[in-house]
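Here is a walk through one protein chain, written to be read with the model open beside it.

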Amino acid sequence: MPAMLRNLAQRLGMMAHSFVGGIHPPQHKLSAGLKSELCPLAPLHIMPMKQHIGVACSPLVAVGDRVLRGQKIAKSEGYVSVPVHAPTSGRVVRIGDHAIPHPSGMGIPSIFIETDGDDAVDESLAPLADWRSMEPALLRERVRMCGLAGLGGAVFPTFIKLVQDARFPIETVILNGIECEPWLTSDHCLMLEYADEILAGLAIIMHMVKTDAAIIAIEDNKADAAAVLQQALEARDDLADVRVVVLPTRYPQGGEKQLIYTLTGREVPAGKLPMHIGVLCQNVGTTRALYQAVMQGRPLTERMVTVSGDAMPRPGNLLVRIGTPMRHVFAQRGLDVFEQVRLLHGGPMMGELLRHPDLPVVKSTNGMLAMREPTFMAAHQPEQPCIRCGHCSEACPAGLVPNLLADQCRSDQFERAESYNLFDCIECGACSYVCPSHIPLVHYFRYGKGQIAQQRREKHFAEESRGRSEAREMRIEQEKQARAARRSSVRAAHVGQSDDGSADAAGEEKKD
């Protein structure tokens, strides 16, 4: 339904709350309903020092050290950061730069661990079975220590979202099981196979933020997962005010702000967070990882990954250790030759194109897609001039005007782009998907955001430099004044002594 008609229907009371815009791309959920499998350990694991939003970590190990699975091998260097843990036991063979799944192809410091095959576990973290009697601050520290970051793709440090603020009490927790990206089924698989662990993690979260109300959101193309979670929910007696809500399938319904509005009718203001309107939204994969951290004392060392695409011989969902080279993962599903194949990290709408398969699985890896060259090129045709059709504006779930934003970013008018609410864009790709001129709108938005961020960093650096320069000049002036004052006092003392001596001599002469 077009955005205009949907908004009119909402005002007339003909529809429940529904976010504006959105699209219905083909789902291609080839791996839906398939039982997950364990990915065998790779001979070498590569652990980047930055797998989350925020400050990169620094290594705690040296070349030659033996490590255990779950051992902390890199520490946080800032508040918005979480540590990195070894995915298996082995020996550190190298510490150096390596490329990560990112469009830039740039490398970052990484720890290379040669697997010993024992998979020995570091048991220094004891399970917290009596978590109900513990203070939320202690549980948040456990979540931080275990390296949890949002597994839905944002990889924002989880412990920060769980911080309590008396000014903004959490009224409702939303468990996000939407997974609206085409091809991806990793969250679907988790809900089918680990419903009890997900609900246990939800109970811990509700205890931490001190609320009794929660909503589990699932789209109607995962009715089996909704049934499994409903059955598991009815078997518990501690989640009375928790309900499962099935929503119509529509992309990008899994976006945090879009989902919150659909379920509660509340809008998250620009520049604000869900906590400011009393809501906490958490992904089902992150929730299960939180259960493992608290109830089992297990740091984040693995995650569920969808391995699919029209070039994949055997699509499926694999439990993969973080740091596993993607080439090794693809090989488990029968893909060894990568000629005429394009690789994607994540889904086709918001994922990144991979330059080669020798990149590590990281915390944000919810999917790995192998697409045939013709399929990929059909979705990436040459850009043509904008015809001002307005389809992008109708599809935008943030209510923006993408074609105007793209014009501002393309012409480097970043201040105007920011005034048009560029940073409200969630980069879902809905505008690019519907554009008849095949304009890569999201690419322009990412370029604009990157340039604005760079300008802010340069401005901040310049202000700090100016502050240091002014402080230095002030210090030099103060030291100069202090030296002048000392010289004046010394001169005055000498003059005083000289005057006293002259007066005494004159007195003696007169006396004689």
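**The chain as a whole**

Please keep in mind that this is a predicted model. The protein chain has 15 helices and 17 strands. A compact globule of 512 residues would have a radius of gyration near 24 Å, whereas the protein chain has 30 Å. Along the principal axes, the C-alpha atoms fill a box of roughly 125 × 60 × 55 Å. Of the 512 residues, 48% count as buried. The accessible surface comes to about 24,600 Å², and carbon and sulfur atoms account for 54% of that surface.

**A parallel sheet with helices across it**

Let us start with an open sheet of 4 strands, which has the order S11-S10-S9-S12 and parallel pairing. Strand S11 (242-247) and strand S12 (279-283) stand at the edges with a single partner strand each, so one side of each has no neighbour in the sheet. On average, and ignoring direction, neighbouring strands of this sheet are turned by 25° against each other.

Strand S9 (residues 172-176) runs parallel to S12, and 5 bridges join the two. Within this pairing, Val-173 has Leu-280 in S12 as its bridge partner.

Two helices lie across these strands. Helix H7 (residues 256-264) lies across S9, strand S10 (213-219), S11 and S12, and runs at about 120° to S9. Helix H8 (residues 284-295) lies across S9 and S12, at about 85° to S12.

**A mixed sheet**

Next comes an open sheet of 6 strands in the order S1-S14-S13-S17-S15-S16, with mixed pairing. Its edge strands are strand S1 (37-38) and strand S16 (352-354), each of which pairs on one side only. Helix H4 (residues 186-193) packs on this sheet, where it touches strand S13 (302-308) and strand S14 (316-321); the direction of H4 makes about 125° with that of S13.

How enclosed is strand S17 (residues 367-372) by the rest of the structure? Of its 6 residues, 5 are buried, so S17 is largely enclosed. S17 pairs with S13 in the parallel sense over 3 bridges, and Val-307 stands opposite Met-368 in S17. S17 also runs antiparallel to S15, with 5 bridges joining them, and here Leu-344 stands opposite Leu-369. Strand S15 (residues 341-345) is in turn joined to S16 by 3 bridges, again antiparallel, with Leu-343 opposite Leu-354 in S16.

| Strand pair | Sense | Bridges |
|---|---|---|
| S9 and S12 | parallel | 5 bridges |
| S13 and S17 | parallel | 3 bridges |
| S15 and S17 | antiparallel | 5 bridges |
| S15 and S16 | antiparallel | 3 bridges |
| S2 and S8 | antiparallel | 5 bridges |

Strand S2 (residues 44-48) is mostly covered, with 4 of its 5 residues buried. S2 runs antiparallel to strand S8 (residues 107-115), and Met-47 has Ile-111 in S8 as its bridge partner.

Both of those residues turn up again around Ile-73. Leaving aside neighbours within four places in sequence, Ile-73 is in contact with Met-47, Ser-58, Pro-59, Leu-60, Val-61, Val-67, Val-84, His-85, Ala-86, Ile-111 and Ile-113.

Which residues touch the most other members of the largest nonpolar core? Of its 62 residues, they are Ile-73, Val-173, Leu-202 and Ile-216. Helix H5 (residues 195-209) gives the most to this core, with 10 residues. In soluble globular proteins, nonpolar side chains tend to be buried together.

**A loop residue**

Finally, have a look at Ala-398, in the loop between helix H11 (391-395) and helix H12 (402-410). Not counting residues up to four places away in sequence, Ala-398 touches Gln-258 and Asp-424. The C-alpha atoms of Ala-398 and Val-490 are separated by 72 Å, with the two residues 92 apart along the chain.

Terms used. Residues are numbered from 1 along each chain as its sequence is written. This is a predicted model: local features need pLDDT of at least 70, side-chain atom pairs count only at pLDDT 80 or more; totals for chains, interfaces and linings use all residues. Side-chain values use heavy atoms; hydrogens and water are left out. Two strands pair if DSSP finds at least two bridges between them. Axes are lines fitted to C-alpha atoms, for helices over the stretch in contact, and angles run from 0 to 180 degrees between N-to-C directions. Contact means heavy atoms within 4.5 Å. The radius of gyration is taken over C-alpha atoms; the globule rule is 2.2 Å times the number of residues to the power 0.38. Buried means under 20% relative accessible area, exposed over 50%, partly exposed in between (1.4 Å probe, protein chains only). Accessible areas come from the Shrake-Rupley method with a 1.4 Å probe; for residues, only the protein chains shown count as cover. A nonpolar core is a set of buried Ala, Val, Leu, Ile, Met, Phe, Trp, Tyr and Cys residues joined through side-chain atoms within 4.5 Å.
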